[in-house]
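Please read the points below with the model open. They take up a few local features and then the ligand site.

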Amino acid sequence: LGPTVCVGEILVEIVATTVGDGFLEAQPLVGPFASGAPAIFISQCGRLGGKAAMVGAVGDDDFGRVNTDRLKRDGVDVSTISIDPDYPTGSAFVRYRKDGSRDFVYNIATSAAARFGWSQAVGDLINRSGHLHVMGSALSVPSAREVIDKAVDIVKVRGGTLSVDPNIRKELKLDEQTERRFSKLVAAADLLLPSGEELERAAGVEGEAEAIRRLFEMGVKEIVLKRGADGATYFGRQGDRIDAPAFVVQEVDPTGAGDCFGGAYLTCRRLGMSPQQALTYGSAAGARNVTVLGPMEGAGTQQELDAFIASTERRP
Ligand code: ADP
């Protein structure tokens, strides 16, 4: 039933090669790497051979072409990525600190990434799509919000499915209207992909078991909780649960793990695999991606993930 569509920000990421605090001194940098959480997700869908399309915008510049060329190579339909003649492609400069946290310098709000909207081409795509993937954080971007609101309604009416990565920090207070939108989006999710504390944030209650119960009550169909190097857990509506141990890898760059995991899990489910099988591919995609510098450089094809699974230990 039609391609998987992801709506949201497309960026390049430029990474400091030294570890430390911020950018107050000149740093050796590497990049640009194709990035933006929704773009990473759809890249992994395309690489795994699922039909995939992206809605967003880039500037008419090399940073934009880094993204569109990359997604095209991954098999993603990029015809609904618009090219903004007036604003540059979004960017994020990133430097890791010793404790693993990151300092960022962003240009998203005044970039092409925040300026795309509904168009005839977007409408045509949504009208033939089978699945929509949305990040909660996109609800704070007015243009993305408008597209997402419309797209969710159309896809649902068509009998398509929706996955949601809440992607909103526990402490973040949204204004009342955005909070209501967020709850509605979560409740409409056929698949919810929270990581860590986002589970409780999305449910609006404390405690893992209570949050799972509440989310199913709200209407969510399937939940996969991502726990970084501690693995991931599937929760089904019948009270079933599957714990997937993480693969043992040397982490080089944690950015993008959750989106690669989600893109692989969703694509496997859409291709008819069981939650157990999809968890294995999701875990492999997330783990493989952290072994390489760049937010989506480690996203894998089926062949690459099979080779990774066959050659990599899993945590006990
Ligand atoms: P997010 O980026 O959304 O916070 P996670 O960091 O939890 O998501 O990563 C998603 C999945 O990728 C994890 O559930 C795990 O399977 C895999 N993963 C992430 N980091 C590692 C790691 N250091 N070692 C092994 N697997 C990892």
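1. In which helix do Asp 62 and Arg 65 lie, and how many residues apart are they? Both belong to helix H2, which spans residues 62-73, and they are three residues apart, about one turn of the helix. Helices here are DSSP runs of H or I with at least four residues, and strands are runs of E with at least two, numbered from the N terminus.

2. On the source: this is a predicted model, in which local features need pLDDT of at least 70 and side-chain atom pairs count only at pLDDT 80 or more, while totals for chains, interfaces and linings use all residues. Residues are numbered from 1 along each chain as its sequence is written, and side-chain values use heavy atoms, with hydrogens and water left out.

3. The side chains of Asp 62 and Arg 65 form a salt bridge, with 3.1 Å from N to O. The term stands for a side-chain nitrogen of Lys or Arg within 4 Å of a carboxyl oxygen of Asp or Glu. Side chains of opposite charge can pair when their charged atoms come close. The structure has 24 salt bridges.

4. Two backbone features deserve a look. The peptide bond from Gly 31 to Pro 32 is cis, with omega near 5°, and Pro 32 is in strand S3, residues 29-35. Asn 167 is not a glycine, yet has a positive phi of about 50°; this residue is in the loop between strand S10 (161-165) and helix H5 (176-187).

5. What surrounds the ligand? The shell has 18 residues, each with a heavy atom within 4 Å of the ligand. The closest are Gly 228, Gly 231, Phe 247, Glu 251 and Gly 258. By type, the shell has nine nonpolar, six polar and three charged residues, where Asp, Glu, Lys and Arg count as charged and Gly counts as polar.

6. Polar contacts are pairs of N or O atoms within 3.5 Å. A ligand nitrogen is 2.7 Å from a side-chain N or O atom of Glu 251. A ligand oxygen is 2.8 Å from a polar backbone atom of Gly 231, and a ligand oxygen is 3.1 Å from a side-chain N or O atom of Lys 226. The protein covers 83% of the 550 Å² of accessible area that the ligand has on its own, by the Shrake-Rupley method with a 1.4 Å probe.

7. Helix H8 (257-270) and helix H9 (275-290) are the elements that give two or more residues to the ligand shell. H9 gives the most, with four residues.

How values were computed:
A polar contact is a pair of N or O atoms within 3.5 Å; within protein, one must be able to donate a hydrogen and the other to accept it, and residues adjacent in sequence count only if both atoms are side-chain atoms.
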